[in-house]
Amino acid sequence: EVQGIPVRVEIGPKDIENNTNQLKNIKKEITFICTENVERQCCEPVAKEAERRGYKIKFTENKFEHCEIGFYLSHWNFPKNSKLSVVTLHDLGQQHGEWPVMWKIEFWNIFDIALLPNKEWADMWHNASCYKCSRPRIGAFFTGFPKADRIATQEFSENCKKIISEYGIDVTKKSVLYAPSWEWDGRQLEIIEAVKDLNVNLLIKQFPATPDVFPEQYKIISEMHKKSLGKPNVYILDSSTNIYDAVNLSDVLVSEESSTLYEAMLMDKPVIAVTDWLVPDVNPPRLPEFPYDFAVKIPKKNLAEMIGKVLSDKEYVKKIKEYRLENFPNLG
């Protein structure tokens, strides 16, 4: 039932026969089509487990790759080149401007199988499943978010120790992580100013913009880093640092609408979303959108006060943990 209207989806014997025959002659080979590092990080735990089970695996940036089993995470894909196609999300906030029916612009009916990361996404998909564009040919499955599996590995804890040593981070102090989706309008300097009297570490993890793909963002971030050098207790992390490593070193994360807010929540870290840090992906820049209630949402003028509150009140951590336990299965 969708919006009070009964909806019936008919699956006939011919559909089941076609799907079964399709699976009979597929080799144990999975190709992960990853066009950026975020997508690769999301599917690497799946690749490791598949390899452990005897599958041959391959990573490629070529969206047109011909595959036995194709695993897709991008916004735009070409799964017709796979004998069996699987799609999942690379970002828990994917296409949030189109919610609750993201599938009107990212069609899942061109895939065989879809994997859903959490209860809220499963509910959203279920409510939209009356639309053909949302329905994979074999089915959609509520499985979990594979990117987060990394936090249960030995490599994860070892990497965090390396980062502390490399940057000389003072572990006796609490740490604030600043990880925005976009750097704009001097906000990196704003948060440095906001925390200067709080006796905390400020870890800065910017988006890994490159001069060839994101030349303007690359220039802005480089200028911000130059102006931030020498500031006390400020640590500028390499942009290629895995976000989970950065989150693990922090006590609270500050952003505007970045997927880093979800990733911090998955590790039971409270998050602050600044509601008037503009996002320059359109002209003129727009206000950020973050349609989840687990974040503390404030204007930038209240940033210093709210960071202090979150760091001193365990209730914020308790609420985040309750949300995570309710919505995310199979972590690790």
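Predicted model: local features only at pLDDT ≥ 70, side-chain atom pairs only at ≥ 80, totals over all residues.
Visitor: What is the relative accessible area of K309?
Guide: K309 has a relative accessible area of 39%, so this residue counts as partly exposed. Buried means under 20% relative accessible area, exposed means over 50%, and partly exposed is in between (1.4 Å probe, protein chains only).

Visitor: How many salt bridges in the whole structure?
Guide: The search finds 17. One of them joins R40 to E44, where the closest N and O atoms are 3.1 Å apart. R40 and E44 are four residues apart in helix 2 (residues 37–52), so about one helical turn separates them. R40 is partly exposed at 34% relative accessible area, and E44 is partly exposed at 28%.

Visitor: Which residues are linked in a network?
Guide: E49, R52 and R53, through salt bridges.

Visitor: What does E68 form a salt bridge with?
Guide: K83, with the closest N and O atoms 2.8 Å apart. E68 lies in strand 3 (residues 67–72) and K83 in strand 4 (residues 82–87), so the pair ties together parts that are 15 residues apart in sequence. E68 is buried, at 10% relative accessible area, while K83 is partly exposed, at 41%.

Visitor: And S82, buried or exposed?
Guide: Buried, because its relative accessibility is 10%. S82 lies in strand 4. Apart from neighbours within four places in sequence, S82 is in contact (heavy atoms within 4.5 Å) with C67, E68, G70 and Y72.

Visitor: New topic. What is the strand order in the open sheet?
Guide: The six strands run 9-8-7-10-11-12, with parallel pairing. Strand 9 (234–236) and strand 12 (296–298) are the edges, each pairing on one side only. The twist averages 20° from one strand to the next. Two strands pair if DSSP finds at least two bridges between them.

Visitor: How many bridges join strand 7 to strand 8?
Guide: Four bridges join strand 7 (residues 175–178) to strand 8 (residues 201–204). The bridge partner of S175 in strand 8 is N201.

Visitor: Which strands does helix 5 lie across?
Guide: Helix 5 (residues 187–195) lies across strand 7, strand 8, strand 9 and strand 10 (252–255), at about 165° to strand 8. Helix 9 (residues 303–312) lies across strand 7, strand 10, strand 11 (271–274) and strand 12, at about 165° to strand 11. Axes are lines fitted to C-alpha atoms, for helices over the stretch in contact, and angles run from 0 to 180 degrees between N-to-C directions.

Conventions:
Residues numbered from 1 in each chain as written. Heavy atoms only, no water. Helix = DSSP H or I, 4+ residues; strand = E, 2+ residues; numbered from the N terminus. Salt bridge = Lys/Arg side-chain N within 4 Å of Asp/Glu carboxyl O.
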